[in-house]
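I opened the model to look up contacts, packing and the nonpolar core. My entries follow.

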Amino acid sequence: MKLLIQALRLFLILTLLTGVVYPAVVTMAAQLFFSYQANGSLVMKNGKLVGSELLAQKFQGEGYFWSRSSAADFATVPSGASNLGPTSAALKEAVLKRAEAFRKANHLSQGVALPSDIVFASGSGLDPHISPEAARLQADRVAKARKLSEGKRQMLYKLIDQYTEAPQFGVLGDPRVNVFRLNLAVDSL
Amino acid sequence: MDILDLTQIVLYAACLIVATPILGSFMAKVFEGEKNFLSPLLGPPEKLSYRLAGIDPKEEMGWKRYSLALLVFNALGFLTVYLLQIFQKSLPLNSQGLTNVSWDLAFNTAVSFMTNTNWQAYSGESTLGYLVQMLGLTVQNFLSAATGIAVMLGLIRGLTRKSAVGLGNFWVDLTRSTLYVLVPLSLLWALLLTGQGVVQNFTPYLKATTLEGSAQIIPLGPAASQIAIKQLGTNGGGFFGVNSAHPFENPTPFSNFLQMFALLMIPAAQVYMFGVMIKRKRQGLALLAAMSIIFVLAFGVALKAELLPNPVLGTSAAMEGKETRFGIANSVLWAVATSSASNGSVNAMHDSLSPLAGLIAMLNIMLGEVIFGGVGAGFYGILMHVILTVFIAGLMVGRTPEYLGKKIEGPEICWAVVAVLIPNAVILGGSVLANMLPCGISGISSAGPHGLSQILYAFSSAAGNNGSAFAGLNVNTVFYNVALGIAMLIGRFVVIIPALAIAGSLAGKKTAPVSSGTFPTDGALFILLLVSVILIVGALTFLPVLTLGPIVEHFLMLQGRAF
């Protein structure tokens, strides 16, 4: 009985510490030092919330760069992946279809090798990035759809380079382009 | 693999090697009750906690009382998480108006977080409100890790004390691990992670209008505080459904590095701490060497497998289920680390890994999660294998086996065999059951051998208290919630109780002085034997079933067969 009372009391104390005080302290500090990040890296445009830098959006229009495929169709509640295995016929079919669709939309010949990220679906279904290669392959389509002049077209190419994030601190992670941020920049070309 | 990948891998190893002795020495100080740099700050609240709880920190507990305290305390944790879920709708901080969780899912989740498994048959953002995540899950992330540390400390005291009865005080071990180790590190990690973009707020979900004009819900919540301890406490339960693949949970390569680092930091440091506490550092280093050998082998095979061409998909290094910001090498490194460390968080979907990389993740779990292993759990897990190793070595030369001067006799061997074999039996037995019952088979989402792998992975993950999954398996059903819940309970407590029983038995023994007949347990021969015992026990138990799952899938893949 004594043991049970001790257990109960210590449980309450430690719950208060780790379940109330700790998250509250983290929240206060996070809001103080990193309020932009802690609140979801939100992006406003003309006073309206247009999304988060970190969450992929579904882009279908010819005038936008497209995100990676999302098995959950860019759902955020809940997020989801395909979980298709390495010998999955469904995955094989999906990859062939995506490759064909991507080639057709971007007027690429069969000879052009497509980067892996653009034909396979991401882990979160919300991957905000594509490889720089996948962005470059889409540039001409975007330029054409927006009827960009030659000068603007060159600026579009430059934008891709400008929005290519190098490995963090020079060593961590793979080079990548944030599709949402790139499209925002394209909109204001 | 290019030079960039290699640099990251080397950097990861280097950080761990540097951190291990620093954190290990600090933890030794904390648990020996010595003054440390946090004592002036944390001493008073620590004493206050004991006073409020009516605990005498000097009281010694025998192994049975220590175990009882542990079980009672864990039962309270289970009950709290269970109740918070089934009454969720009536509780505050549920801004999305999420409904009450069903009894079977609530049971599964409560067991899962109490046992440090963090198996998730639900998606956080659509199932659990902020209160449950914070007051239920985050708390258990701390307390289940602290429970593991307490068991480890009991075992270390059993090895060092002579003709003693007590193993220490469970309440003190629990409080000190939480207060001095887990909370400070989590505070630091949570802030670093927020700086990278992990969300931390209590705002209801927001509605955005995308650039193309469609609606997007932006899920939010107190994520960073939970994710920090999820990695540090080898828990692994994601705030969001896709875990650390989610951009709000793991937004940048640096946040990924921090989380991978946190995942192995304490499990490596605790082994060093053991060496310091028994005043024979080499003994700890020998165990670390054995763990590192298996880890490097496993990582090498998994990475090689992932880079191998897959004729079915017509590519190598497929990015299915992986995130662009991490790439292949970081995804595989995480998969190997999370499965060895009993963590279970993922930054890429294991179901979509190549057959042999998936096999490595599964095998790491099947080996008992002793390659660094869980917080506390990895140490007492490998100690069971150490006991088997010295026993086998003793049989070979015809001497009574000893470890650190303690005679290893009948009771210790029996308990060690129970702790090693029962979880294995649960993995195999559970998988057989699921394969025989329609309610088990109906969960499979892949045809061909991959379907067997999905079930096998689920029971390995549950019994090994890992928590990662081949997540294509539909597990939110009464059958899987209950069966995997029971597997988690057995996998946790049928190792903990034997470990404490061994501790109790060893504490009562005298320590024999080192003689010329003593088998040294800090040399290359011992390391080799230990590695062999771990691999042979694992291989003998699981090779047949692995052949039917990932191994046959690998060969079918090479032939271009799809299912």
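I began at B:Ile387. Leaving aside neighbours within four places in sequence, I found B:Ile387 in contact with B:Tyr403, B:Ile408, B:Glu412, B:Ile413 and B:Ala416. I call two residues in contact if their C-beta atoms, placed from the backbone, lie within 7 Å.

A note on the source. This is a predicted model, where local features need pLDDT of at least 70, side-chain atom pairs count only at pLDDT 80 or more, and totals for chains, interfaces and linings use all residues. Residues are numbered from 1 along each chain as its sequence is written, and chains are lettered from A and ligands numbered from 1 in the order in which they are written.

Next, the core. B:Ile387 is among the residues with the most contacts inside the largest nonpolar core, which has 237 residues. B:Leu155, B:Ala224, B:Ala302, B:Val336 and B:Ala499 are also in that group. Such a core is a set of buried Ala, Val, Leu, Ile, Met, Phe, Trp, Tyr and Cys residues joined through C-beta atoms within 7 Å. Buried means that 20 or more other C-beta atoms lie within 10 Å of the residue's own. α6(B) gives the largest share of this core, 18 residues. Helices are DSSP runs of H or I, at least four residues, and strands are runs of E, at least two, numbered from the N terminus.

Then the domains of chain B. Domain 1 covers 3-278 and domain 2 covers 376-553; these bounds come from an automatic or database domain assignment. Their centres, taken over C-alpha atoms, are 23 Å apart. I found 41 residues of domain 1 of chain B in contact with 38 residues of domain 2 of chain B. On the domain 1 side, α6(B) gives the most, with ten residues.

I turned to one helix pair. At what angle do α2 and α7 of chain B pack? Helix α2 (residues 39-53) and helix α7 (residues 170-196) pack at about 145 degrees, with axes 11 Å apart. Axes are lines fitted to C-alpha atoms over the stretch in contact, and angles run from 0 to 180 degrees between N-to-C directions. B:Leu42, B:Glu46, B:Ser49 and B:Ala53 in α2(B) meet B:Trp171, B:Thr175, B:Leu179 and B:Tyr180 in α7(B).

Last, the chains. 82 residues of chain A are in contact with 101 residues of chain B. On the side of chain A, α1(A) supplies the largest share, 21 residues.

Definitions and conventions: A residue is buried if 20 or more other C-beta atoms lie within 10 Å of its own, exposed if 12 or fewer, and partly exposed in between; C-beta atoms are placed from the backbone.
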